[in-house]
Amino acid sequence: MDRVTNHIIATYSPIDYKELISYYGTYDNMLLAINSNTGSEYDIREDFVAISDKPYIHMTKIAASTGCYSTPNKVLRLTTDEKIELVKVFLWKTSASVRQIGKFLGIKIIHNTSFFSQLDCKMDTADNQPLTF
């Protein structure tokens, strides 16, 4: 059973483990850092929202199919124009809320009442300048 589990994880994981290890220098350093932080994730305050997390799975699959999701950091490093295109695709192809899409892409999306009819949207960019599309 462990071999099947390992095969599934190795085949379908969106994480590039070689790149992940490169951030820590060695595999052992990576494990030490991850294990040192285990448990402290509960110290991070996050508002609970009682909606399904399934849209995140769907967004990951879509992003992976476009080639922009080999690692979570790669999504966060996308250009503003690339993120705008993904917002449009996610709105069209998933049941994700605007809030979930923003969290997935690491951005804050502010929309008005005509957002869904016209895709009139503002997005805070890295320099905190609102972007309209």
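Modeller: Happy to, and let us begin with one side chain: lysine 61 is exposed, with a relative accessible area of 58%. Please keep in mind that this is a predicted model.

Colleague: Which helix does lysine 61 lie in?
Modeller: Lysine 61 has a relative accessible area of 58%, and exposed means over 50%, so this residue counts as exposed. The element that holds lysine 61 is helix α4.

Colleague: How far apart in space are lysine 61 and proline 14, C-alpha to C-alpha?
Modeller: In sequence, 47 residues separate lysine 61 from proline 14. In space, the C-alpha to C-alpha distance between them is 8.6 Å.

Colleague: Is glutamine 100 buried or exposed?
Modeller: Glutamine 100 has its place in helix α7. Leaving aside neighbours within four places in sequence, its contacts include Pro55, Tyr56 and Met59. Its relative accessibility is 3%, and the cut-off for buried is under 20%, so glutamine 100 is buried.

Colleague: At what angle do helix α4 and helix α7 pack?
Modeller: Two packed helices are described by the angle between their axes and the distance between the axes. Helix α4 covers residues 54-65 and helix α7 covers residues 98-105. Their axes are 11 Å apart, and the angle is about 50°.

Colleague: How many nonpolar residues are in the contact of α4 with α7?
Modeller: From α4 come Pro55, Tyr56, Met59, Thr60 and Ala63, which meet Gln100, Ile101, Lys103 and Phe104 in α7. By class, 2 residues of this contact are polar, 1 is charged, and the nonpolar ones number 6.

Colleague: Which element of the chain has the lowest mean pLDDT?
Modeller: For the chain, the mean pLDDT is 76, with 70% of residues at 70 or more. Over residues 115-121, pLDDT stays under 50. Where pLDDT is low, the predicted coordinates should not be read in detail. Among the elements, helix α2 has the highest mean, 89, while the lowest, 47, belongs to strand β3.

Colleague: And how many helices and strands are there in the chain?
Modeller: Along the sequence, the pattern reads α-α-α-α-α-α-α-β-α-β-β. The count is 8 helices and 3 strands.

Notes. Residues numbered from 1 in each chain as written. Predicted model: local features only at pLDDT ≥ 70, side-chain atom pairs only at ≥ 80, totals over all residues. Heavy atoms only, no water. pLDDT = per-residue confidence, 0-100. Helix = DSSP H or I, 4+ residues; strand = E, 2+ residues; numbered from the N terminus. Contact = heavy atoms within 4.5 Å. Axes fitted to C-alpha atoms, helices over the stretch in contact; angles between N-to-C directions. Nonpolar A, V, L, I, M, F, W, Y, C, P; charged D, E, K, R; others polar. Buried < 20%, exposed > 50% of the residue type's maximum accessible area, 1.4 Å probe, protein only.
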